[in-house]
Amino acid sequence: MSANAALWARRQAAVPRGVATATPIFADHAENGEIWDMDGKRYVDFGSGIAVTNTGHRHPKVMAAAMAQMERFTHTAFQVVGYDVYIELAERLNALAPIDNAKTIFFTTGAEATENAVKVARAHTGRPGVITFTGGFHGRTLLTMAMTGKVAPYKTGFGPLPAGVFHCPFPIAHHGVSDDDALKALDHIFRADCAPEQTAAIVIEPVQGEGGFYQTPIPFMRALREICDRHGILLVADEVQTGFARTGKMFAIEHYGIEPDLIPVAKALGGGFPISGLIGKAEIMDAPEPGGLGGTYAGSPVACAAALAVLDVIEEEKLCERANEIGGVMTKRLEAIRRSNASTPIGDIRGLGAMVAFELVKERGSHEPAPDAIKPVLGKALDQGLILLSCGYYANTIRLLAPLTMTDTHLSTGLDILESSLVEAA
């Protein structure tokens, strides 16, 4: 029995099936854009731990910063004894975020960041209502499950979920929902379910993550900003998956020319170490009483130190520019595959920076989702040494999330395997 197979058997016996493991392989070690499994097989990583390793696996500067912090101390609980790296990281993010006069608090997971955005919004506005969007993903806690706009598998069997959360259709033109359709639906929510004066926040991903990498249209995002301003509602840009150079900007909301009120962040911030945060306007962030926010491991000193190094690497290695280069290579190659292989059912191709995805459809030229076509492609890619992730409200999307530090050679190898897998699966 292989080492992977033995671990899979142990995993099945020891770990609940509710935490899904997408591949039957287990990591032995990793470096930049590559992972080696327990049987010694090497893989090009187009998953990045779900957009976590934007700076690659084990970036030397990130590892050195974490090691240096571990030599000092690993935990005090910031609520008991504070530490410098927490404050320094908050200062750096306050300066980088597209929010004037910002403050930042740290947590551990993306769900904590988005849930605390709701807590802060409710404390500031004195209102209960929260509006999110179909296809949006905001976490797996009870509140963030309620915010998530997709039932299976995230909500299945976990109800009833917290009240006060309402879903608006997300505008996707090629799936029949225009900006106007979505705005009319929002107005319907205001009239039928939650009046504007009872709405604390509208929470939206600039680019949907689990929902399928659909980009929020610029006019729609600007319309939301105007609606929020008119009614005293907070606009929350969930950047858990889009942040830290992934879309060619430090924050994806920078593509829109507007200022959000709150920005939850996580994933790539720690470069592989668990940390999340909430950045927001100071007068809003100061609404909760002392002790109302926090967590035992929130803002781990080791993760804060690693995150400071991540910000350095993004700047020094020009990873925003690199994201645009990688995204351009990916989309160009996907378009070439679609043109040259008539039997490969690639539908819409989309990307912002290096946040690239494409849909598999029933037939060439259509937009009818083909979710059953996904699994064979992912399986053949894994067999050939490429890690891919699927996603999508219609379960028919493959997303490409290569580390922004990936070499051109490994990027090309990964795209070669992707093309081969698509052709074989078709």
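Is Val-310 buried or exposed? Val-310 is buried, with a relative accessible area of 1%, where buried means under 20% relative accessible area, exposed over 50% and partly exposed in between, with a 1.4 Å probe and protein chains only.

1. Basis of the notes. This is a predicted model, in which local features need pLDDT of at least 70 and side-chain atom pairs count only at pLDDT 80 or more, while totals for chains, interfaces and linings use all residues. Residues are numbered from 1 along each chain as its sequence is written, and side-chain values use heavy atoms, with hydrogens and water left out.

2. Val-310 and its helix. Val-310 belongs to helix α10, and helices here are DSSP runs of H or I with at least four residues, strands being runs of E with at least two, numbered from the N terminus. Leaving aside neighbours within four places in sequence, Val-310 is in contact (heavy atoms within 4.5 Å) with Thr-55, Val-62, Ala-268, Leu-269, Gly-270 and Gly-271. Val-310 and Lys-61 are 249 residues apart in sequence, yet 7.9 Å apart in space, C-alpha to C-alpha. Helix α10 as a whole is mostly covered, since 13 of its 16 residues are buried. The 16 residues of α10 (residues 301-316) should span 22 Å at 1.5 Å a residue, and the end C-alpha atoms are 23 Å apart, which agrees; the expected span is 1.5 Å times one less than the number of residues. After α10 comes Lys-318, whose phi is positive, near 50°.

3. The antiparallel sheet. An open sheet is formed by four strands in the order β11-β12-β15-β14, with antiparallel pairing; two strands pair if DSSP finds at least two bridges between them. At the edges stand β11 (346-352) and β14 (389-391), each with a single partner strand, so one side of each is left without a neighbour in the sheet. Neighbouring strands of this sheet are turned by 25° against each other on average, direction ignored, the axes being lines fitted to C-alpha atoms, for helices over the stretch in contact, and angles running from 0 to 180 degrees between N-to-C directions.

4. Strand β12 and its partners. Five bridges join β11 to β12 (residues 355-360), and the two run antiparallel; Leu-352 stands opposite Met-355, and Ile-346 has Leu-360 as its bridge partner. The hairpin of β11 and β12 has two residues between the strands, and there Gly-353 takes a positive phi near 60°. Strand β12 also pairs with β15 in the antiparallel sense, over four bridges, and the bridge partner of Glu-359 in β15 is Thr-397. In a regular strand the side chains alternate between the two faces of the sheet. Met-355, Ala-357 and Glu-359 point one way from β12, whereas Val-356, Phe-358 and Leu-360 point the other way, and all are buried.

5. Helix α11 (residues 319-340) lies across β11, β12 and β15 (397-400), running at about 170° to β11. Helix α12 (residues 374-383) lies across β12, β14 and β15, running at about 35° to β15.

6. The mixed sheet. Four strands form an open sheet in the order β1-β2-β3-β13, with mixed pairing. The edge strands are β1 (27-31) and β13 (386-387), each with a single partner strand, so one side of each is left without a neighbour in the sheet. Strand β3 (residues 42-45) and β13 run parallel and are joined by two bridges, and Asp-45 has Ile-387 in β13 as its bridge partner. Helix α13 (residues 408-425) lies across β2 (34-37), β3 and β13, at about 95° to β3.

7. Aromatic pairs. The structure holds 11 aromatic pairs; rings of Phe, Tyr and Trp (its six-membered ring) pair if their centres lie within 6.5 Å, and planes under 30 degrees apart count as stacked, over 60 as edge-to-face and the rest as tilted. Phe-78 and Tyr-86 are stacked, at 3.7 Å centre to centre with 10° between the planes; Phe-78 is partly exposed at 26% relative accessible area, whereas Tyr-86 is buried at 8%. The rings of Phe-133 and Phe-220 have their centres 5.9 Å apart and their planes at 80°, so this pair is edge-to-face. Phe-133 lies in strand β5 (residues 129-133) and Phe-220 in helix α8 (residues 218-231), 87 residues apart.
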